[in-house]
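Here is a short briefing on a ligand site and a domain interface. Look over the model first, then read the points below.

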Amino acid sequence: MPEKRSGTQNRRDLPQGQEVSELLLSVYHYLENAYGDLGWWPADTLEEMVIGAILVQNVSWKNTVKALSNLNRAGLLNFRALDAAGVQEVAELVIPTRFYNMKANRLKSFARHVTTQYEGVLQHMLQQPFEVLRKELLAIPGIGPETADDILLYGAKYPSFVVDAYTIRVLSRCGIIPEHVTYEELRAWFMAHLPHNVPMFNQFHALLDRLGNRVCLAKRPHCDECPLQEVCDLRLQERTLSQS
Ligand code: SF4
C-alpha cells in the first residue's frame with residue numbers, strides 16, 4: 001500500500017552512525033514507556049511458538065490463535081504428530097490463517113525437517129550455532145527471513161532482530177528510514193545500530209508491531225494517540241500544515 005511520504009523519506013540510503021543508535025534507543029524508550037513489557041512470544045511451548053510463527057505470516061494473530069487451538073484439539077501442536085498427519089487434515093485445521101494449503105505445506109516441511117534431522121526434538125535443532133541455524137531455517141521450504149528470525153529470537157533466544165511491514169511503515173513515516181528497503185538491509189541496519197540484547201530485541205519488535213497494528217494504521221494513522229509523535233516527520237509535517 002503506497003503511503004504518504006515526508007521530505008526526508010526520499011533518501012535512498014539507510015542513515016548510519018552513532019546518532020542513529022541514539023534515535024533508535026529513543027524510539028524504543030518512547031514505545032516501552034507507553035506500552036510496557038509486552039511479554040512476547042505468547043506460547044506455552046517451543047513447538048507452539050514455532051508453529052505460530054509459521055502460521056502468522058500475512059494474517060492476524062487472532063486468526064492464528066484460532067488455528068493453533070484447532071491444532072491443539074487435534075493433538076497436532078508438535079512436530080512428530082504434524083509429520084505423521086495428512087496435509088489435507090492439517091490444511092482444514094489451519095483454515096483461519098487464509099492461505100491454508102500453503103501454510104499446511106510449510107508446517108509439514110518444517111515437521112519433516114525436525115523429524116528426519118533431529119528425531120522430532122525441536123530443542124536439538126534450536127541448539128545449533130546462530131548463523132548455522134539461520135541458514136538451516138532459511139533452507140526449509142516456505143521459511144522466509146521474518147519467520148526464521150522469529151524462531152531465532154523468540155524460540156532459540158538468539159539476538160536476531162525481526163523486521164516486518166509495520167517496522168517499515170512506522171520508521172519510514174517517522175523519516176528515519178527510506179520506504180523502500182529490503183528485509184536483509186533493514187535487519188542488518190538494526191543489528192549494526194543496537195546492542196545485541198535478546199530481551200531488548202524481543203521487546204522492540206513487539207512494540208513496533210503493537211504500534212503498527214493498532215495506531216500507525218496503513219490508511220489512517222491515529223497520530224493523536226501515538227507515543228512517537230514527538231519524533232515523527234509525518235506528524236510534524238501535518239502539524240505544520242494545519243498551523244499554516
Ligand atoms: S505519529 Fe502518526 S504517522 Fe507517526 S508513527 Fe505515530 S501514528 Fe505513525
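Ala, Val, Leu, Ile, Met, Phe, Trp, Tyr, Cys and Pro count as nonpolar, Asp, Glu, Lys and Arg as charged, and the others, Gly among them, as polar. By that scheme, the shell around the ligand holds 7 nonpolar, 1 polar and 2 charged residues. This is a predicted model: local features need pLDDT of at least 70, side-chain atom pairs count only at pLDDT 80 or more, and totals for chains, interfaces and linings use all residues. Residues are numbered from 1 along each chain as its sequence is written, and side-chain values use heavy atoms, with hydrogens and water left out.

**Ligand site**
- R173, C174, C216, P221, C223, C226, Q229, C232, L234 and R235 surround the ligand (a heavy atom within 4 Å of it).

**Domains**
- The chain is assigned domain 1 (7-38 + 161-239) and domain 2 (46-155); the bounds come from an automatic or database domain assignment.
- Their C-alpha centres lie 28 Å apart.

**Interface**
- 13 residues of domain 1 are in contact with 8 residues of domain 2 (heavy atoms within 4.5 Å).
- About 850 Å² is buried between domain 1 and domain 2, with 59% from carbon and sulfur atoms. Buried area is the accessible area (1.4 Å probe) that two parts lose on being put together, summed over both.
- On the domain 1 side, V162, Y183 and R187 lose the most area to domain 2, together 48% of what that side buries.

**Salt bridges**
- There are 2 salt bridges between domain 1 and domain 2 (a side-chain nitrogen of Lys or Arg within 4 Å of a carboxyl oxygen of Asp or Glu).
- R134 forms a salt bridge with E184, with the closest N and O atoms 3.1 Å apart.
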